[in-house]
Amino acid sequence: MNRPTVICKNLHKSFGSLPVVEDVSFNIAPGQILALLGPSGCGKTTTLRLLAGFEELDGGSIEIDGQLVAGDQLSIPPEHRRAGMVFQDYAIFPHLSVEQNVGFGLPRGRDKRQRVQELLAFVGLTGMGERMPHELSGGQQQRVALARALAPQPAVLLLDEPFSNLDAALRVGVRQEVKDLLKRSGITAVFVTHDQEEALFLGDVIAVMNNGRLEQVGPAKDVFHRPRTRFVAEFVGQTDFISGRVTDRGVETPLGVLSRSLSLPMGTAVDVAVRPDDVKLIADADGNATILSRQFLGIAYMVRVRLADGTVVHSWQSHQINLSQGTAISAVIRPGHTLSCFVNGTAV
Ligand code: ATP
């Protein structure tokens with residue numbers, strides 16, 4: 001197997017007495033995109049800045065493309081790290097043309113013009129080289145920033161909340177474009193986001209961060225379907241928790257018996273993570289639940305349901321199903337859905 005392009009080992013960083021990054025370790029394979037996901041203030045940007053070389057490590061080490069760039073009393077300056085950076089506000093120079101922006105980090109020479117033209121073609125901006133940044137849309141400015149970061153052929157691209165400046169309508173299209181560009185270039189990338197949908201869309205691997213620590217690192221599907229902690233389950237996917245009890249038939253819950261055999265003593269209490277697609281509603285006047293509300297979301301309805309024990313869960317429902325507030329209903333776990341169970345916040 002190829003050596004990972006990025007190897008971060010036990011990273012530590014404090015600002016004054018405040019630890020911000022604690023014992024963070026992850027690897028990124030060549031060509032992989034890693035999404036660093038977590039709530040505001042959890043240390044994502046600091047981790048990215050440690051990789052870029054804009055902050056110095058207090059402990060641990062960082063290797064990029066086979067070169068130790070930080071750690072062991074060593075700190076290679078950002079310009080020698082083979083890491084390209086795309087900032088939240090793109091940071092393209094307003095007084096330079098598109099061409100000048102893209103060529104900014106390239107050495108003078110015969111090849112420079114050709115490389116700039118290649119990059120403009122690559123990001124779909126051929127013919128726009130002489131425009132000034134204010135003559136471009138938000139999505140086009142994003143592509144200029146990408147082209148400029150890719151120009152010196154970095155080993156890894158670091159992107160800090162790359163879509164936060166775009167309005168919701170534009171964001172979906174631009175993130176598809178950026179994903180296509182990153183995949184076509186074959187570059188290894190790390191991007192920071194607090195948006196789980198964005199992380200699942202773009203990340204081959206997702207690293208979920210909480211309070212300076214990584215809670216879980218893994219392929220997007222694993223992180224979504226097999227969250228290791230309650231925090232991850234809560235942060236990735238809209239998740240409700242219901243109470244469960246281990247019995248010899250499986251885990252008893254207010255949504256019925258979940259067929260899981262956990263190696264825990266009979267009677268152990270667990271928290272069961274339930275997402276809106278896990279909950280099936282069946283018309284039943286004597287059912288175990290009551291409809292609280294129904295919210296139109298465009299592609300579906302989100303229905304809030306109160307279970308017999310008072311817990312509230314959400315359920316996706318198609319447009320054809322018309323359930324009014326106060327209706328009694330039977331709520332069950334959708335067959336084939338394996339739900340995650342937690343004891344003291346850790347998956348069991
Ligand atoms: P956000 O999504 O809001 O940008 P984040 O997860 O990227 O958050 P960081 O920007 O890494 O979080 O900040 C983590 C913590 O470190 C915060 O409490 C922040 O206030 C603090 N912090 C960041 N930079 C500095 C600094 N230069 N000096 C002091 N404290 C800092």
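Visitor: Which residue in S15 is the bridge partner of Asp240?

Guide: The bridge partner of Asp240 in S15 is Val274. Please note that this is a predicted model, in which local features need pLDDT of at least 70 and side-chain atom pairs count only at pLDDT 80 or more, while totals for chains, interfaces and linings use all residues. Residues are numbered from 1 along each chain as its sequence is written, and side-chain values use heavy atoms, with hydrogens and water left out.

Visitor: Why is the meeting of Asp204 and Lys183 called a salt bridge?

Guide: The term requires a side-chain nitrogen of Lys or Arg within 4 Å of a carboxyl oxygen of Asp or Glu. For the side chains of Asp204 and Lys183 the N to O distance is 2.7 Å, and therefore the pair qualifies. Asp204 lies in the loop between helix H6 (196–202) and strand S10 (205–210), and Lys183 in helix H5 (residues 168–185), 21 residues apart. By this rule the count comes to 13 salt bridges.

Visitor: What makes Pro265 and Thr268 a polar contact?

Guide: A polar contact is a pair of N or O atoms within 3.5 Å; within protein, one must be able to donate a hydrogen and the other to accept it, and residues adjacent in sequence count only if both atoms are side-chain atoms. The backbone oxygen of Pro265 lies 2.6 Å from a polar atom of the Thr268 side chain, so the distance meets the cut-off. Thr268 is in the loop between strand S14 (256–258) and S15. Leaving aside its neighbours within four places in sequence, Thr268 is in contact (heavy atoms within 4.5 Å) with Gly244, Arg245 and Val246.

Visitor: How many salt bridges and polar pairs does the rule find across the interface of domain 1 and domain 2?

Guide: Across that interface the rule finds zero salt bridges and two residue pairs in polar contact.

Conventions. Pairing = 2+ DSSP bridges. Helix = DSSP H or I, 4+ residues; strand = E, 2+ residues; numbered from the N terminus.
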